[in-house]
Amino acid sequence: MSEQADNRAPYAQIAAHYAELITSGELQPGSLLPSIKNLAQEWKVSSATAEKALRKLRTDGLVRGIHGIGTEVLDQPSPMSSGAQRQDRGRRSGSSWGSGERSDSHQAAVVPAPADVARGLDMSPGSDVIRRRRVYRDRHGIVAHSTSWIPARYGKLIPELLKSDRLTGGTSLQLIARATGHPITHRIDTASARRLTSEDAQLLELNPAEPPTEPVVVMTAKFVDSESNVVEYGVDLGGPGRTWRTESEVS
């Protein structure tokens with residue numbers, strides 16, 4: 001049992017613990033979770049709290065209840081990650097990765113801003129921008145292909161943004177905020193779906209001759225600092241079969 005350094009309710013802490021074990025592959029499909037009684041004893045909570053934790057895991061599609069047997073781990077891809085969700089995770093825990101995720105294929109280059117990116121960054125088309133690309137994966141394959149578009153002027157303040165390596169010391173937003181002294185104060189998120197293009201297929205490492213029939217989920221996030229500067233425009237393409245999910249507490 002891991003200690004949770006956050007303010008989540010006990011049932012949410014228990015559910016998050018087992019979600020991490022499941023999505024990381026430590027708990028394999030077909031494995032059984034502890035019973036409500038054993039879960040309550042292990043975490044020193046009531047049976048009602050333990051039952052609520054298992055119910056959340058069922059709601060999230062990670063497990064199923066089998067009458068007379070117990071709670072079984074299911075095998076299915078986790079939802080895609082968006083730039084906004086990674087910012088939230090980075091702020092809470094210091095790591096932008098989701099449960100069981102890793103990133104690779106990091107690329108950085110200074111390129112002319114495409115028209116849609118220029119609109120997102122409030123710049124003129126063709127202006128120099130830093131394009132940072134990477135692929136997020138879990139044990140099922142690609143979770144999302146992520147591109148961060150950043151005004152080129154920030155490359156002079158933070159040379160690491162121009163390197164084709166995974167950033168250290170924080171996310172690009174955290175590095176920019178520290179270098180400028182201007183915190184990120186708000187963001188604008190969008191969610192849409194579209195038919196897979198040949199470029200999408202290449203980014204998601206798919207065979208263009210055999211594209212999946214389902215649409216690809218596209219998430220964008222526009223990040224603005226305290227001086228009203230747009231510091232980053234992120235675009236995430238969901239991997240095949242990935243959906244986008246968000247949740248919040250309702251009081």
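Modeller: Strand 8 gives the most to the lining of the second largest pocket, with 4 residues. Keep in mind that this is a predicted model.

Colleague: How much space lies in that second largest pocket?
Modeller: About 450 Å³.

Colleague: And which residues lie nearest its centre?
Modeller: Ser 96, Arg 134, Tyr 136, Thr 171 and Ser 172. The whole lining of the second largest pocket has 29 residues.

Colleague: Which helices and strands each supply at least two residues of that lining?
Modeller: Helix 4 (83-93), strand 3 (102-112), strand 4 (128-138), strand 5, helix 7 (172-180) and strand 8 (230-238).

Colleague: How does the lining divide into nonpolar, polar and charged?
Modeller: There are 17 polar residues, 6 nonpolar and 6 charged.

Colleague: Strand 5 came up. Where is His 145?
Modeller: His 145 is in strand 5, which covers residues 141-151.

Colleague: Is His 145 buried or exposed?
Modeller: Buried. Its relative accessibility is 5%, and the cut-off for buried is under 20%.

Colleague: What is His 145 in contact with?
Modeller: Leave aside neighbours within four places in sequence. Then His 145 contacts Arg 133, Arg 134 and Val 135, plus Leu 203 and Leu 204, plus Val 235, Asp 236 and Leu 237.

Colleague: New topic. How many salt bridges are in the whole structure?
Modeller: A search finds 8. One of them joins the side chains of Arg 137 and Asp 104, at 2.6 Å from N to O. Arg 137 is in strand 4 and Asp 104 is in strand 3, so this pair ties together parts that are 33 residues apart in sequence.

Colleague: Are those two buried or exposed?
Modeller: Arg 137 is buried, because its relative accessibility is 13%. Asp 104 is partly exposed, at 23%.

Colleague: Which other salt bridge does Arg 137 make?
Modeller: The side chain of Arg 137 also meets that of Glu 205, at 2.7 Å from N to O. This pair links distant parts of the chain, 68 residues apart. Arg 137 is in strand 4, while Glu 205 is in the loop between helix 8 (198-203) and strand 7. Glu 205 counts as partly exposed, with 49% relative accessibility.

Colleague: What do the shared partners join up?
Modeller: Asp 104, Arg 137 and Glu 205 form one network of salt bridges.

Colleague: What about Asp 122? Which side chain does it meet?
Modeller: Lys 222, in a salt bridge of 3.3 Å, N to O. Again the pair links distant parts of the chain, 100 residues apart. Asp 122 sits in the loop between helix 5 (115-121) and strand 4, and Lys 222 is in strand 7 (residues 216-225).

Colleague: Which of those two is buried and which is exposed?
Modeller: Asp 122 is exposed, at 56% relative accessibility. Lys 222 is buried, at 16%.

Colleague: Let's move to helix 2. Which of its residues are buried?
Modeller: Leu 39, Ala 40 and Trp 43, in a helix that runs over residues 36-43. These three cover an arc of only 100° around the axis, which puts them on the same side of helix 2.

Colleague: What do the buried residues pack against?
Modeller: Helix 1 (10-23) and helix 3 (47-59).

Colleague: And what is on the other side of helix 2?
Modeller: Lys 37 and Gln 41, which are exposed.

Colleague: What follows helix 2?
Modeller: Lys 44. Its phi is positive, near 55°.

Colleague: Where does Glu 101 lie?
Modeller: In the loop between helix 4 and strand 3. Glu 101 is buried, with a relative accessible area of 9%.

Colleague: What does Glu 101 touch?
Modeller: Ser 81, Arg 89, Tyr 136, Arg 137 and Val 143, not counting residues up to four places away in sequence.

Colleague: Last topic. How many cavities of 30 Å³ or more are there?
Modeller: The search finds 2. The second largest cavity has a volume of about 70 Å³. It is lined by 12 residues, and the closest to its centre are Glu 214, Pro 215, Val 216, Gly 238 and Pro 240.

Colleague: What classes make up the lining of that cavity?
Modeller: For the second largest cavity, 7 nonpolar, 3 polar and 2 charged residues.

Notes:
Residues numbered from 1 in each chain as written. Predicted model: local features only at pLDDT ≥ 70, side-chain atom pairs only at ≥ 80, totals over all residues. Heavy atoms only, no water. Buried < 20%, exposed > 50% of the residue type's maximum accessible area, 1.4 Å probe, protein only. Arc of directions from axis to C-beta. Contact = heavy atoms within 4.5 Å. 1 Å grid on protein atoms, 1.4 Å probe; cavity = no way out; pocket = protein on both sides within 12 Å on 5 of 7 lines; lining within 4 Å. Points joined across faces, edges and corners; volume = space filled by probe spheres on them. Nonpolar A, V, L, I, M, F, W, Y, C, P; charged D, E, K, R; others polar. Salt bridge = Lys/Arg side-chain N within 4 Å of Asp/Glu carboxyl O.
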